[in-house]
Amino acid sequence: MPPAHPRPRGDMGDRDPRDGEPRSAAVAILDFGAQYAQLIARRVRESNVYCELLPGGTKAAELVRRGFAAVVLSGGPASVYDPGAPSCDPELLECGLPILGICYGHQLLARMLGAPVERAPHPEYGQARMEVHRAAGVLAGLPASTTVWMSHGDLVQLPPPGFEVLGRTPSTPVAAMGHAGRRIYGVQFHPEVVHTPLGQQVLRNFLLGVAGLGGTWTMHSYVAEAVAAIREAAPSGRAISALSGGVDSAVATALVHRALGDRVTAIFVDHGLQRQGEAQEVLSAFRQAFPELPLVHVQAEERFLARLGGVTDPEQKRRLIGQEFVAVFEEEAAKLGPVDFLVQGTIYPDVIESGATGQSSATIKTHHNVGGLPERMRLRLIEPLRSLFKDEVRVLGEELGLPSHLVWRQPFPGPGLAIRILGEVTSERLDLLRHADAVVREELADHGLGREIWQAFAVLPGARTVGVMGDQRSYGDLVAVRAISSRDGMTADWARLPHEVLARISQRLVNEVPGVNRVVYDITSKPPATIEWE
């Protein structure tokens, strides 16, 4: 049985009996390896329209069968005229679904519909001024001239037969084109990035105007759909919920508890890889928030450390931790009697970065709860957040009535501190990192930066450096500090912390954490780096 995660149906005439409102239709984003594919998805959802990322070559018949109501073709690094360049199913252009092509998707539409695409004599990178030739279709309501963000070396010279030019720049004769009757549009620029100030309006014009979608998908409607999907996936039998203490697992547990009631038992596995004082904090907070929910506390630090002994490869760490988690859950389930389901807080970025969506993007890293799971599991998965981004999960948590301190906890990886220790994980290195991490978080909280920062933590790179402490030579550990700003975790920028805060963190780490004699600050964005060091 596939994991339970709800997706709205595409029939706008199908009214949901729970609230009398039409179900939200879904949009398919066909990914051709775009740098901004995930950002397109975020922007579509900001218009209260549900969407999913799918491989660029997904068949039109499959899109229709699954009830998608519109299609967006993403950008990509290839040239459409190159041999073997990625393409979409030709039947897509004849199936009647509204289509919007962005950058590469725009060029692909033009070429498939008979228009020339060629190397641009003057490539455009960065902001450009687009003259709106006709404010209609996706450009409806736009002023006569507007700023757009370009990133292309190829261009469409002439629109396909029957299409009209809607916008142009000095370097791009067809910056936007459309065919109102066929409801097919293309834009050379990137409406999904903030550098296109009216980009969200362009997307809304397509979604709500051209495609006629209702824009009714919200976390309030998602609760009803998710509860229905969970009950359909688990009409009988008991479930255990993997509670890590993070936002995702807490919201997943609360949602499944609402759906299945007393058929759910939460299990908190104390793998010894948590932050300082976190295990007791999690247990106390959850028992207070859900006093009626059975909660089992499993002490498993020794078995996890034994499993990680001698392991230095980060992917192997993630796989071993994922496998050990499942082993513990299955053992605990056996003690509870017949149990059929395992609830996980897997979210969409986990799936995307693990390469599990099937689109052409590369696997960035294996998340322990996606690619790290064993191939054969006795328990069947329920993953009600699998289609949500982190900020959507937080809104859902508030919708479910979770306390603010649980909803707004900083994200913490399932493998815990194991992936913030480069190299082998030992109890001694865990103790050192726990102490250092506590200092970082305390200082940010004391300076009122706790809610402004998406995530802040310490890393133990495993490097030792020479220093001078107490007029004597020291040879101690290097600690790296990572603080980032983000909205959904898919992209991130390093936080510009005040110098006095950084100085205070460095001073405390060197003075208070035994063995530390040097501190560095990570100033790398995502991409090219990931948030975690492993």
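This is a predicted model: local features need pLDDT of at least 70, side-chain atom pairs count only at pLDDT 80 or more; totals for chains, interfaces and linings use all residues.
Good morning, colleagues. I shall begin with the sheet. Five strands make up an open sheet, in the order E12-E11-E10-E13-E14, and their pairing is parallel. At the edges stand strand E12, residues 295-299, and strand E14, residues 380-382. Each of these has a single partner strand, so one side of each is left without a neighbour in the sheet. On average, and with direction ignored, neighbouring strands are turned by 30° against each other.

Strand E10, residues 239-243, runs parallel to strand E13, residues 341-343, and three bridges join them. Which residue of E13 is the bridge partner of alanine 239? It is phenylalanine 341. Packed on the sheet is helix H7, residues 278-289, which touches E10, E12 and strand E11, residues 264-270. The direction of H7 makes about 170° with that of E12.

I turn now to the helix pairs. Helix H13, residues 427-446, packs with helix H14, residues 499-512, at an angle of about 150°, and their axes are 10 Å apart. An angle over 145 degrees counts as roughly antiparallel, and H13 is therefore roughly antiparallel to H14. Their crossing is right-handed. On the H13 side, the contact is made by His435, Ala436, Val439, Val440, Glu442, Glu443 and Leu444. H14 contributes Val501, Arg504, Ile505, Arg508, Leu509 and Glu512. By class, this contact has seven nonpolar, five charged and one polar residue.

The second pair consists of helix H6, residues 247-260, and helix H11, residues 390-399, whose axes come within 10 Å and cross at roughly 45°. H6 is thus oblique to H11, and the crossing of these two helices is left-handed. Val247, Asp248, Val251 and Leu255 of H6 meet Lys390, Val393, Arg394, Leu396 and Gly397 of H11. Here the classes are five nonpolar, three charged and one polar.

Finally, the aromatic rings. How many aromatic pairs does a search of the whole structure find? The search finds seven. Phenylalanine 32 and tyrosine 104 form a tilted pair, with 5.7 Å centre to centre and 45° between the planes. Phenylalanine 32 lies in the loop between strand E1, residues 26-31, and helix H1, residues 37-46, whereas tyrosine 104 belongs to helix H3, residues 104-112. The pair therefore ties together parts that are 72 residues apart in sequence.

Thank you for your attention.

Definitions and conventions:
Residues are numbered from 1 along each chain as its sequence is written. Side-chain values use heavy atoms; hydrogens and water are left out. Axes are lines fitted to C-alpha atoms, for helices over the stretch in contact, and angles run from 0 to 180 degrees between N-to-C directions. Helices (H or I, at least four residues) and strands (E, at least two) are DSSP runs, numbered from the N terminus. Angles under 35 degrees count as roughly parallel, over 145 as roughly antiparallel, 65 to 115 as roughly perpendicular and the rest as oblique. A crossing is left-handed if the near helix is turned anticlockwise from the far one by less than a right angle, and right-handed if clockwise. Contact means heavy atoms within 4.5 Å. Ala, Val, Leu, Ile, Met, Phe, Trp, Tyr, Cys and Pro count as nonpolar, Asp, Glu, Lys and Arg as charged, and the others, Gly among them, as polar. Two strands pair if DSSP finds at least two bridges between them. Rings of Phe, Tyr and Trp (its six-membered ring) pair if their centres lie within 6.5 Å; planes under 30 degrees apart count as stacked, over 60 as edge-to-face and the rest as tilted.
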